[in-house]
Amino acid sequence: MALLETQGLTKRFGGLTATDDVNLAVEEGEVVSVIGPNGAGKTTLINQITRLLDPSEGDIVFKGESIVEAEPHEVAQRGVSKSFQTASIFPDLTVEQNAEIAALGAEHGSFRLNFFRHRNQYPGVSEGTRKTLEAVSLWQKRNTPASDLPYGDKRRLEIGIALASEPDLLLMDEPTAGMSPEETNATVSLVETVKEELGLTLVLIEHDMEIVFGISDRIIVLNRGRVIAEGTPEEIQGDPDVQEAYLGGADL
Amino acid sequence: MSDESANPTDAPETEADGGKTLGGSASENTVTRLRTRWEGARDREVTVIGLTIVGVAVFPYLFARAPVVSDLLQGYQELASLMLVWGIFAIGFDILLGRTGLLSFGHAALWGTGAYAAGWASANITEFPLLVVLIGVSVTVVLSVVLGFLSLRRGGIYFAILTLAFAQMIYYMASAPLSFITGGDNGFTGVEIGSFLGVFDLGTELPSIAGTLIGTWRYAFIGAFLVFSVAAIHRVLNSPYGIVFRAIRENEQRAQFVGFNVWRYKLAAFVLSGTFAGLAGALFTIHGQYVPLSSLYWQTSGEVVIMTVLGGVGSLLGPLFGAGIYLWVEYIVSGGYPFEWIAPYWLLVLGLVFVSVVVLFPEGVWGLVGDLRRRVATRLEEQ
């Protein structure tokens with residue numbers, strides 16, 4: 001059984017159909033990239049899976065259960081985490097507190113009436129915080145306010161927050177957007193390490209074709225909201241529809 | 001407040017100290033060591049509670065009876081109690097404003113309800129001060145759940161407007177339709193507060209040295225609730241709630257996407273702050289033995305916002321000082337000698353104080369204290 005499945009997922013904004021009858025299945029342990037030209041519906045697709053947007057039609061099934069009625073925090077609690085395209089961090093808190101919040105979310109659940117209980121009663125939280133920050137190599141900078149980090153580090157912290165919430169499925173929205181070549185390389189190797197060490201299932205939205213073809217087990221190509229091709233990197237590379245969508249395949 | 005121990009401005013400093021100590025002289029060593037110990041102890045629960053107890057115990061003496069200081073401040077016992085009452089209101093309000101980042105403009109409804117409920121209970125149910133307070137708080141908690149449930153549907157400015165609207169609704173309800181309970185424009189006059197535990201008349205002085213320091217039983221009663229409030233809020237801020245509130249303030253959507261039920265935490269922040277507003281309101285009744293209709297008016301909501309900002313949003317004890325300064329200007333500067341020349345303009349004085357604090361010390365009076373402390377510490381180490 002697939003970890004994540006979408007069935008006929010359709011989202012309309014007025015007259016525009018942003019995702020049109022998208023059926024996809026992501027198996028456990030896979031790295032799946034979703035590519036497509038601007039406006040193809042990639043981000044809309046992710047936003048529906050995390051329940052930020054309500055689909056107009058269709059169903060989303062995660063671990064065999066429909067999550068289409070769930071609240072965003074419930075989806076997160078079930079094990080879907082998202083790293084945002086822009087660094088969505090807690091700017092005035094330190095790097096450590098940023099990760100601590102996410103680790104607490106995973107350890108402690110969505111809400112409890114424990115307002116008189118000291119935070120150090122949750123030892124798993126500091127353990128998870130340290131592990132994550134070491135994984136994204138920000139442990140040395142744990143006392144820095146997040147807003148003082150350079151851009152690349154902010155994006156790494158963003159990924160760290162997503163990881164600290166201990167997901168089974170990680171959705172990454174353009175993790176290397178706006179990064180320098182060095183930062184991009186560091187991020188790619190981070191993603192690879194994380195995948196191997198934690199056995200995460202990844203769904204990646206990415207524009208950089210070098211990364212996509214290097215890292216993915218499978219690629220799904222969207223154009224105007226529809227899946228126009230799906231397959232291994234080799235299969236996608238030779239697909240005429242994909243080359244057409246990308247204006248002669250200049251990137252490929 | 002322990003989250004402030006991880007304060008970024010402190011952290012690099014402490015590391016630098018460590019390096020310096022190695023090559024430093026003996027006296028430097030002692031200073032650093034004392035300071036490190038202080039930094040460690042500063043935010044611990046026992047320290048915070050201990051310091052609050054000492055502060056509460058010494059304050060009325062300094063303010064109302066000590067030789068030079070009290071002449072300077074022109075303070076008196078009853079004003080000291082009133083400062084504590086508003087202080088409880090403000091530190092509770094800061095859970096919502098400073099920690100969670102929600103500006104409520106309707107906390108008068110909660111404070112006023114606490115006050116009326118306590119007053120009504122004292123006239124109709126029991127004279128025992130503790131029970132009167134308990135009833136005031138309980139009624140307010142119920143109202144906070146309802147108001148929070150309705151107002152938190154919207155964020156930002158809409159939340160502020162909704163809270164204001166509901167609070168004004170309650171004000172008008174109290175002024176006419178419900179005047180058979182509230183006394184309408186005259187306020188609630190039938191307050192009957194008995195003696196504490198049936199033994200100590202709240203108006204009398206404590207025996208011997210305690211009387212000199214603390215003054216009346218009423219002040220001691222209110223002071224005990226202040227200490228309790230500080231301890232309780234300190235606990236809340238160091239529970240998971242503390243960090244979730246901050247997460248919501250900083251980035252609500254992110255907090256939701258790491259799995260927190262943001263809406264419930266906001267409601268929890270609202271109800272917690274409402275609880276302290278109700279407690280303060282009930283104590284206000286015990287303090288004044290009268291509930292004015294103005295306690296429900298929007299101006300009261302504005303006052304607690306000003307006190308909190310003045311003292312320092314997001315600091316545990318700051319709003320206490322904000323409340324103290326506000327009331328000092330309102331009661332002493334407006335009251336004549338030695339301020340006759342400026343008394344008619346006391347609101348202007350308050351405005352100027354407020355503007356200069358906001359412009360010069362955005363972290364409020366408490367932030368200024370923190371700055372000075374750090375500066376002195378750095379100076380000591382440089383010597």
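A residue counts as buried here if 20 or more other C-beta atoms lie within 10 Å of its own. By that count, buried residues make up 45% of the 252 residues in chain A. In chain B, 46% of the 383 residues are buried. This is a predicted model. Chain A holds nine helices and 10 strands, whereas chain B has 18 helices and zero strands.

**Chain A: overall form**

- The radius of gyration of chain A is 18 Å, which agrees with the value near 18 Å for a compact globule of 252 residues.
- Along the principal axes, the C-alpha atoms of chain A fill a box of roughly 60 × 40 × 35 Å.
- Take the contacts in chain A with a separation of 6 or more: 67% of them join residues 24 or more positions apart.

**Chain A: the sheet**

- Six strands of chain A form an open sheet with mixed pairing, in the order 6-7-8-3-9-10.
- Strand 6 (80–83) and strand 10 (226–231) of chain A are the edges, each pairing on one side only.
- From one strand to the next, the twist averages 20°.
- Strand 6 of chain A runs parallel to strand 7 (residues 169–173) of chain A, and four bridges join them.
- Within strand 7 of chain A, Leu171(A) is the bridge partner of Lys82(A).

**Chain A: helices on the sheet**

- Helix 5 (residues 151–164) of chain A packs on the sheet and touches strand 6 and strand 7 of chain A.
- The direction of helix 5 of chain A makes about 175° with that of strand 6 of chain A.

**Where chain A meets chain B**

- In chain A, 35 residues are in contact with 26 residues of chain B.
- Helix 2 (72–78) and helix 3 (95–108) of chain A each supply at least two residues of the side that touches chain B.
- Helix 3 of chain A gives the most to that side, with nine residues.
- By class, the side of chain A that touches chain B has 15 nonpolar, 14 polar and six charged residues.

**Chain B: a covered helix**

- Among contacts in chain B with a separation of 6 or more, 72% are between residues 24 or more positions apart.
- Helix 12 (residues 240–250) of chain B is mostly covered, with 11 of its 11 residues buried.
- The buried residues of helix 12 of chain B include the charged residues Arg246(B), Arg249(B) and Glu250(B).
- Helix 3 of chain A is part of the cover over helix 12 of chain B.
- The cover also includes helix 5 (77–99), helix 11 (217–237), helix 13 (252–257) and helix 14 of chain B.

**Chain B: a helix pair**

- Helix 7 (residues 129–151) and helix 14 (residues 262–288) of chain B pack at an angle of about 145°, with their axes 7 Å apart.
- Helix 7 of chain B passes helix 14 of chain B in a right-handed crossing.
- Helix 7 of chain B contributes residues including Gly136(B), Val137(B), Thr140(B), Val141(B) and Gly148(B) to the contact.
- From helix 14 of chain B, the contact residues include Phe270(B), Gly274(B), Gly278(B), Gly281(B) and Ile286(B).
- The residues of this contact divide into 15 nonpolar, eight polar and no charged.

Conventions:
Residues are numbered from 1 along each chain as its sequence is written. Chains are lettered from A and ligands numbered from 1 in the order in which they are written. This is a predicted model: local features need pLDDT of at least 70, side-chain atom pairs count only at pLDDT 80 or more; totals for chains, interfaces and linings use all residues. The radius of gyration is taken over C-alpha atoms; the globule rule is 2.2 Å times the number of residues to the power 0.38. A residue is buried if 20 or more other C-beta atoms lie within 10 Å of its own, exposed if 12 or fewer, and partly exposed in between; C-beta atoms are placed from the backbone. Two residues are in contact if their C-beta atoms, placed from the backbone, lie within 7 Å. Two strands pair if DSSP finds at least two bridges between them. Axes are lines fitted to C-alpha atoms, for helices over the stretch in contact, and angles run from 0 to 180 degrees between N-to-C directions. A crossing is left-handed if the near helix is turned anticlockwise from the far one by less than a right angle, and right-handed if clockwise.
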